[in-house]
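Visitor: Hi! Could you walk me through this structure, starting with the strands?
Guide: Happy to. Let's look together.

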Amino acid sequence: MIKKKIQHIQRYRDIITAFSRNGFGFIAKELGLLELFSLPKRLFAEGHQKIHTKTTGERIRLFLEELGPTFVKMGQIASTRPDLIPKDIICELEKLQDHVSSFSFYDVKRIIEQELDTTIDDMFDEFHENPLAAASIGQVHYAVLNSGERVAVKIQRPNIRNIIKTDLEILQELAILAEHRLEWASRYKISEVVEEFSKALRAELEYTIEGRNAEKVAKQFENNPKIYIPKVYWDYTTSKLLTMEYIEGTKLNEEEKINDKGYRHKIIAERVVQTIFHQILSEGFFHGDPHPGNILVLPEEIIAFMDFGMMGRLTPEMKDHFASLTIAMMQQSTDGVMKAITRMGLVPDDVNMQKLRYDLDQLRGNYYDIPLSQVSLGQAINDLFFVAYHHQIRIPTNLILLGKTLLTIEGVAQKLDPELSIIKIAEPFGRQLLKERYHPKRVIENISKYLVEYAEVLTELPKNVQEVTSVMKKGKIHMEIAIPELDLFLKKLDRISNRLSFSIVLLSFSIIIVGLIIGSALSRPSMLLWNIPAIEIGFGVAILMFLWLLHSIFRSGRF
C-alpha cells in the first residue's frame, strides 16, 4: 500500500509538471494540486512563455505525449468522441503518435517464454529480432512457426499493465476531484467519461479479446472471397501475446505502390465501404479504427483488415435508431431527427426542446438543397452528435464510434475515388434494414415480447398495489413534485387567492349590510340592546374590517 502511494505521489508530480510546462498550470491550481505538491516556480514561468505560441489543441496533444502510453491511448480514444470534444482539439488528438522506442529482444524472448512455458527455439523456426512496428502498448515481430507458417507476433510491453493501472487510478481520482471543484466537470460527469475510456483501454490490454474479435469478423465474410481476415493461432496466443497470420499486402496509405501494381481505385473504394456498411447495418459488429494503415490490398483487389483492438457493437435497437436517424436526415425532417436522437440518447430532464429544435433546424439548413451524393454521412452524423453534446444529451459510446468510423472510411474512399457516393452504397443496406424491421416475423416477435412484458406487469400489479397501500397506511409515502418556473406559478396562485378572498369578503360584507338594513327596517327606529346601539357598531366594525383587508391586498401588489 505504501509503495502504491509513493508511485502515485511521483506520478502526480509528473502530471502537475506536464500541466505547467504546457500552459495548463491553472488547472492544477483549480484542482488544488499545488497545495499538496511543491514544484519549482520556473516551470510555471516556462508554461506561460509558451502559451501564446501554440493552439489549445496542440498543447493538449503535447501534454498527453509527454505523459506517455496511458495518456496517448486515452487521447486516441478521446479523438473518437466528437460529442464530447471540440473539432479543433479532435484534429490534434488524431495526430497523436506513439513516440516510443522498441524494447529489447531480451524482454521479447523472456515474455514469450513465460507466457507459453517453453523456449522460443522450440516454437519458431525463425524469429526476427528487429520489430516490424512498435507502439505504446506492444510491438510486432515477424516469425515463422515450426510448421512453416509465417506469422506476426504482437508482444505486450514489460510492466505496461502496472503503469496503465496506476495512471487510470490517478485519472479517476482527478476526475472525482474535478467534479467537486469545477462546475463544468460536474455537469458533464467527467468521472463517468474517464471510466468509459478506462474500460476501452483495459480491453486493449487483453490480446485474447482482439483475437476473438478477429475471428468474429472473419466469420462475417467466410463466404466472401474478396475480403480477407488473418488467422489467429491460439496455441501461441495469451492475454499478453497475440500470434496472427502474416499478410503481405499494400496499405491503403501507400498510394504509389497501389498505382504501380495497377490496382483499380474504384473497385477498392467500393469494397472497403461495402465491407464497413455490411458490418454496421447487417452484423452490428464493426471495425472501430479502419484507417488506411489497418487495411491492406492484396492481388485481385482483395481487401484485408488488420488490428481488431477497437471494435464497435450495435444492438438491434441501436441499428433501428441509426436507420431512423439516417432516414430522417435524408428527408430533412427535424421532428424525425429529434425523435431519433432522444430515443438513442440519455436526455436530461431539463433539456430545452425548443432550443434543441432550433439548433437542429440550423443544422438542417447547412445541408439544404445539397445533392445526397455530395453529403458526407459521417460528417452529418457527427454534427448531429455535437448538437446533442451541446444540449447534454449522452449518446451511447458505440454510436459515437459508428460516426467516427463512417467519417474515417469516407476519407479513405474519397482519396481512392472522389466520385464515389457513400449514400448510394449505404442505400441497399438501409432498405434491407427497414425490410427486417417491418417483416411480419419481426413484428410478431416484438408484439410477443411486449405481450409477455405486459403480462408480467399485470401479474405483479395486485402485489405492487398491496405494497403501496401498506406504505400509505403507515404514512411513509414520499412525493416529489417538480414544477418548471415554480416562483412565477406561486405568484399567480397568490394573486388568484387574493382576488378570491376579496370576492368572498365583499360578498360577506354585502350580506351583513343587507341583514342590518332589514333588521333596522323591521325594528323600531331606535333599536338598543341593553341601551347599546348594536346595529350601528356592527356596521362600523364590518366597514373597518373590509377596508383593512382591501389595504392589505393592494399593498402586497398581488391583486
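Visitor: Which residue stands opposite Val144 in β3?
Guide: Glu126 stands opposite Val144. Strand β1 (residues 124-127) pairs with β3 in the antiparallel sense over three bridges. Strands are DSSP runs of E with at least two residues, helices are runs of H or I with at least four, and both are numbered from the N terminus. Two strands pair if DSSP finds at least two bridges between them.

Visitor: Before we go on, what kind of model is this?
Guide: This is a predicted model, where local features need pLDDT of at least 70, side-chain atom pairs count only at pLDDT 80 or more, and totals for chains, interfaces and linings use all residues. Residues are numbered from 1 along each chain as its sequence is written, and side-chain values use heavy atoms, with hydrogens and water left out.

Visitor: Back to β3, then. Which strand pairs with β3 over seven bridges?
Guide: That is strand β4 (residues 150-156), in the antiparallel sense. Within this pair, His141 stands opposite Val153 in β4. The hairpin of β3 and β4 has four residues between the strands, and Gly148 there takes a positive phi near 95°.

Visitor: And how many residues are in the hairpin that joins β2 to β3?
Guide: Three residues. Strand β2 (residues 133-134) and β3 pair in the antiparallel sense over two bridges, and Ala134 has Gln139 in β3 as its bridge partner.

Visitor: How many residues of β3 are buried?
Guide: Eight of the eight residues of β3 (residues 138-145) are buried, so this strand is largely enclosed by the rest of the structure. Buried means under 20% relative accessible area, exposed means over 50%, and partly exposed is in between (1.4 Å probe, protein chains only).

Visitor: New topic: what order do the strands have in the open sheet of four?
Guide: The order is β5-β10-β9-β7, with mixed pairing. β5 (227-228) and β7 (250-251) stand at the edges with a single partner strand each, so one side of each is left without a neighbour in the sheet. Between β9 (residues 295-298) and β10 (residues 302-305) there are four bridges in the antiparallel sense, and Val297 has Ile303 in β10 as its bridge partner.

Visitor: Now a helix. Is Arg11 buried or exposed?
Guide: Arg11 is buried, with a relative accessible area of 15%. Arg11 is found in helix α1. Leaving aside neighbours within four places in sequence, Arg11 is in contact (heavy atoms within 4.5 Å) with Leu67, Phe71, Asp167 and Ile170.

Visitor: Last one: how many helices and strands does the chain have?
Guide: The chain comes to 23 helices and eleven strands. Of its 559 residues, 41% count as buried.
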